[in-house]
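Biologist: I would like to learn how to read a model of this kind. Please take the features one at a time.

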Amino acid sequence: METGIRNTKEILVTEELTAAAVGSGLLPVYGTPYLVALMEETCHTSVGDQLEAGQGTVGTRMDIKHVAATPVGLKVRCESELVAVDGRRLVFNVKAYDPAGLVGEAVHERFIIDNERFMAKAAAKAEQYK
């Protein structure tokens, strides 16, 4: 996999995507947990067609700054760029914008995994701690 892969996703902020709805705050503005999820989705879908059959990616780190509030009714556009590949480790720069400008920015790290092996480990953990 090579650096430089880019992707863009856009969402409309609805009442269901607010800080008040998710419990991360009391105000009806775009919630940080949803911003994180949009950033992760933008990154992981950008490299999906570069993976081998049976592989996926999992997020392992997100260093985010949520710098501006976005009210219900506005769109948020997220842009990602793959900036580093180190074996199975992928690093992305991510920015999100609403019509007024920058909403958030992050460095996001993902690892390429074997889906079956990853889920087997998760299942074993679930069995051990039931």
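Biologist: Is Cys78 buried or exposed?

Modeller: This is a predicted model, in which local features need pLDDT of at least 70 and side-chain atom pairs count only at pLDDT 80 or more, while totals for chains, interfaces and linings use all residues. Residues are numbered from 1 along each chain as its sequence is written, and side-chain values use heavy atoms, with hydrogens and water left out. Buried means under 20% relative accessible area, exposed over 50%, and partly exposed in between, with a 1.4 Å probe and protein chains only. Cys78 is buried, its relative accessible area being 0%.

Biologist: How many disulfides are there?

Modeller: A disulfide is a pair of cysteine sulfur atoms within 2.5 Å. By this rule the count is zero. Cys43 is in no disulfide, and its nearest cysteine sulfur, that of Cys78, is 6.5 Å away. Cys43 is buried too, at 0% relative accessibility.

Biologist: Which residues of helix H2 are buried?

Modeller: Helices (H or I, at least four residues) and strands (E, at least two) are DSSP runs, numbered from the N terminus. The buried residues of H2 are Leu35, Leu38, Met39, Thr42, Cys43, Ser46 and Val47. They lie on the same side of H2, because they cover an arc of only 155 degrees around the axis. That arc is taken from the directions from the helix axis to the C-beta atoms. These buried residues pack against strand S1 (6-12), strand S2 (55-66), S3, S4 and S5.

Biologist: How many residues does the largest nonpolar core have?

Modeller: A nonpolar core is a set of buried Ala, Val, Leu, Ile, Met, Phe, Trp, Tyr and Cys residues joined through side-chain atoms within 4.5 Å. The largest one here has 19 residues, and Met39 and Phe92 have the most contacts inside it. Helix H2 (32-47), strand S3 (75-86), strand S4 (89-98) and S5 each give two or more residues to this core. H2 supplies the largest share, five residues.

Biologist: What does Phe92 touch?

Modeller: Contact means heavy atoms within 4.5 Å. Not counting residues up to four places away in sequence, Phe92 touches several residues, among them Cys43, Val83, His108 and Arg110.

Biologist: What does the side chain of His108 reach?

Modeller: A polar contact is a pair of N or O atoms within 3.5 Å; within protein, one must be able to donate a hydrogen and the other to accept it, and residues adjacent in sequence count only if both atoms are side-chain atoms. The side chain of His108 reaches the backbone oxygen of Arg61 at 2.8 Å.

Biologist: Which side chain does Arg110 join in a polar contact?

Modeller: The side chains of Arg110 and Glu40 are joined by a polar contact of 2.9 Å. Arg110 is also in strand S5, and is buried at a relative accessible area of 4%.

Biologist: Is Pro28 buried or partly exposed?

Modeller: Pro28 is partly exposed, with a relative accessible area of 45%. Pro28 is in the loop between helix H1 (19-22) and H2. Its C-alpha atom is separated by 5.2 Å from that of Thr18, 10 residues apart along the chain.
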